[in-house]
Amino acid sequence: MTSLKSDFLQILTERDFIHQVTDLEGLDAKMAAAEKEGPISAYIGFDCTGTSLHVGSLVQIMMLRWLQKCGHKPIVLLGGGTTRIGDPSGKDESRKLLTDDDIAHNMAGIRTIFDQFLSFGDEPSGATMVNNAEWLDQLGYIDFLREIGTHFTINRMLTFDSVKLRLDREQPLTFLEFNYMILQAYDFMELGKRYNCSLQMGGSDQWGNIVNGMELGRRSAGLSLFGLTTPLITTADGKKMGKTADGAVWLNEESLPAYDYWQFWRNTQDADVGKFLRLFTELPLDEVKRLESLEGAEINDAKIILANEATKMCRGAGAADAAHATAKETFERGGAGSDLPTVAVSAGLFETGINVVDLFIEAGLGASKGEVRRLIKQGGAKLNDVKVDDAEAMVTNSALEGGQIKLSAGKKRHALIKIGE
RNA sequence: GGAGGGGUGGCCGAGCGGUUAAAGGCACCAGACUGUAAAUCUGGCCUCGUAUGAGUACACAGGUUCGAAUCCUGUCCCCUCCA
């Protein structure tokens with residue numbers, strides 16, 4: 001492996017973050033010279049269509065974190081302006097146009113995530129969050145076309161993968177979508193001008209957009225810009241990572257409790273442990289090597305470390321410890337950790353008694369009565385770790401253990417029922 | 001604006017008057033095996049009912065028929081080609 005001069009690129013290379021770089025040596029030299037010439041700023045764009053981001057964005061977030069650790073300045077660009085148009089790529093869903101309030105709300109939610117990973121502030125390496133509405137909102141169409149449009153040829157745009165794929169497959173591509181790449185290119189240039197940002201990073205699908213931005217910056221503003229992309233992160237069986245039964249694995253607590261977040265990492269397949277440790281934790285590489293070489297049941301220890309580290313970073317040490325403790329209690333001792341999903345019910349409920357099936361639904365462990373009955377029939381339902389055989393059984397005060405009841409659906413899904421006021 | 005094609009269960013996709021709660025695949029859930037892994041096997045996968053069963057359901061609204069996802073009419077939406 002050729003050794004790089006800058007810490008940042010060295011780390012990224014070792015940890016398999018890099019898919020492509022526009023000018024590795026040039027960028028390396030520039031970053032290595034930071035001590036004399038000051039840190040460089042780099043940005044990654046994020047969509048703000050929701051109040052949270054999911055693990056799919058985590059690679060990018062980790063890159064910004066490393067960037068900051070290496071003394072450079074991370075810029076988080078939120079697509080406030082582009083979100084207002086609505087991203088046309090997800091064309092199966094009718095795109096909803098977000099109001100300004102929605103967008104502001106979403107941005108606030110996303111900000112709380114970045115607060116965990118980055119340190120914001122005015123110091124040279126302090127992170128900043130920028131909204132592209134800042135410049136996009138004021139764009140005049142004609143001026144924009146004259147200034148920016150002249151730098152793009154349709155011939156060239158047609159050669160981009162994102163466009164070509166659509167055309168080859170004879171799928172429609174709207175004009176709006178076609179313009180997206182120009183707007184993204186414009187973002188890069190504006191960030192270069194306003195924030196002296198010289199590097200854009202992103203997923204491998206962003207390569208074309210990044211390159212466009214570099215060229216626009218050079219031609220229109222004389223900027224020297226760089227681009228870097230990450231590979232698409234897939235699990236060992238070839239799926240895009242980050243999807244679970246209930247959808248995305250969200251990064252913020254409101255969308256996904258820390259316990260579930262921890263569990264997501266804990267349930268990583270063997271074959272992915274090393275990869276994930278490299279990308280999503282900051283453990284030293286020799287430690288990662290040791291952990292990923294564990295075999296058989298021992299690799300579970302590596303998964304626990306992965307879960308702890310990942311959760312700590314995203315949700316804080318306290319949340320990670322609590323999740324770990326609960327998992328230990330629940331899985332290793334068959335008890336009930338306090339961090340399990342908990343549902344409070346009124347005391348009166350057990351005076352008269354409640355049907356087990358209804359109780360499971362109450363606890364969120366089943367969507368319909370039929371589903372819970374099936375679960376019981378198949379032997380997957382447990383109440384205080386005792387298999388439930390009778391779907392007609394009533395649960396009364398006598399089932400309470402220390403004021404709570406532990407319900408389990410299968411081996412992994414558990415919930416606590418507690419008496420509330 | 002003109003011509004044509006289409007909207008089926010979470011997704012893909014068969015069905016094209018009765019034997020269709022709707023083939024098949026994917027995803028998902030549970031069980032077995034294990035290590036809270038993967039792979040594999042078994043069962044399940046609209047709602048209500050222990051179940052025979054009942055109720056809803058094939059874009060929406062009507063109609064034809066003993067009987068419709070299947071035929072007809074209207075509405076909405078999507079796509080392709082032409083202008």
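How far apart are the mean positions of the positive and negative charges of chain A? The answer is 3 Å, for 45 positive and 59 negative charges. Before going on, please keep in mind that this is a predicted model, and that every value I quote is computed from it.

Now the overall picture. Chain A has 421 residues, and 48% of them are buried. The secondary structure consists of 20 helices and 15 strands. Along the principal axes, the C-alpha trace spans about 75 × 50 × 45 Å. The accessible surface of the chain is about 20,600 Å², and carbon and sulfur atoms contribute 49% of that. As for contacts, take those with a separation of 6 or more: 71% of them are between residues 24 or more positions apart.

Next, the aromatic residues. There are 8 aromatic pairs in the structure. Let me take Y43 and F188 to begin with. Their ring centres are 5.5 Å apart and the planes make an angle of 65 degrees, so this pair counts as edge-to-face. Y43 belongs to strand β2, residues 41-46, while F188 belongs to helix α11, residues 175-195, and so the pair links parts of the chain that are 145 residues apart. Are these two residues buried or exposed? Y43 is buried at 2% relative accessible area, and F188 is buried at 0%.

Helix α11 takes part in another such pair, through Y186. The rings of F144 and Y186 have centres 5.3 Å apart and planes at 85 degrees, which makes this pair edge-to-face as well. F144 sits in helix α8, residues 141-147, so the pair ties together parts that are 42 residues apart in sequence. F144 and Y186 are both buried.

Ring pairs join Y261, F264, W265, F276 and F280. One member of that cluster, Y261, also has a charged neighbour: R315 lies over the face of its ring, 4.8 Å from the centre. Which residue has the charged end of R111 over its ring? That is F120, and the distance to the ring centre is 3.9 Å.

Let me move to the start of the chain. Helix α1 covers residues 7-14, and its buried residues are F8, L9, Q10, I11 and L12. What do they pack against? The partners are helices α2 (24-32) and α4 (58-69), together with strands β5 (197-203) and β6 (226-230).

D16 has a positive phi of about 65 degrees, although it is not a glycine. This residue is in the loop between α1 and β1, the strand at 20-21. D16 is partly exposed, with a relative accessible area of 45%.

Another residue with a positive phi is N196, again not a glycine, with a value near 55 degrees. N196 is in the loop between α11 and β5. Is N196 buried or exposed? It is exposed, at 59% relative accessible area.

I will finish with two distances. L183 is found in helix α11 and is buried, with a relative accessible area of 13%.

For P39 and P124, the corresponding values are 7.1 Å in space and 85 residues in sequence. P39 is partly exposed, with 36% relative accessible area. Which residues does P39 touch, leaving out those up to four places away in sequence? They are A34, G71, H72 and P124.

That is what I have; I am happy to take questions.

Terms used:
Residues are numbered from 1 along each chain as its sequence is written. Chains are lettered from A and ligands numbered from 1 in the order in which they are written. This is a predicted model: local features need pLDDT of at least 70, side-chain atom pairs count only at pLDDT 80 or more; totals for chains, interfaces and linings use all residues. Side-chain values use heavy atoms; hydrogens and water are left out. Helices (H or I, at least four residues) and strands (E, at least two) are DSSP runs, numbered from the N terminus. Buried means under 20% relative accessible area, exposed over 50%, partly exposed in between (1.4 Å probe, protein chains only). Contact means heavy atoms within 4.5 Å. Accessible areas come from the Shrake-Rupley method with a 1.4 Å probe; for residues, only the protein chains shown count as cover. Lys and Arg count as positive and Asp and Glu as negative; His and the chain ends are not counted. The place of a charge is taken as NZ of Lys, CZ of Arg, CG of Asp or CD of Glu. Rings of Phe, Tyr and Trp (its six-membered ring) pair if their centres lie within 6.5 Å; planes under 30 degrees apart count as stacked, over 60 as edge-to-face and the rest as tilted. A charge sits over a ring if NZ of Lys or CZ of Arg is within 6 Å of the ring centre and within 35 degrees of the ring normal.
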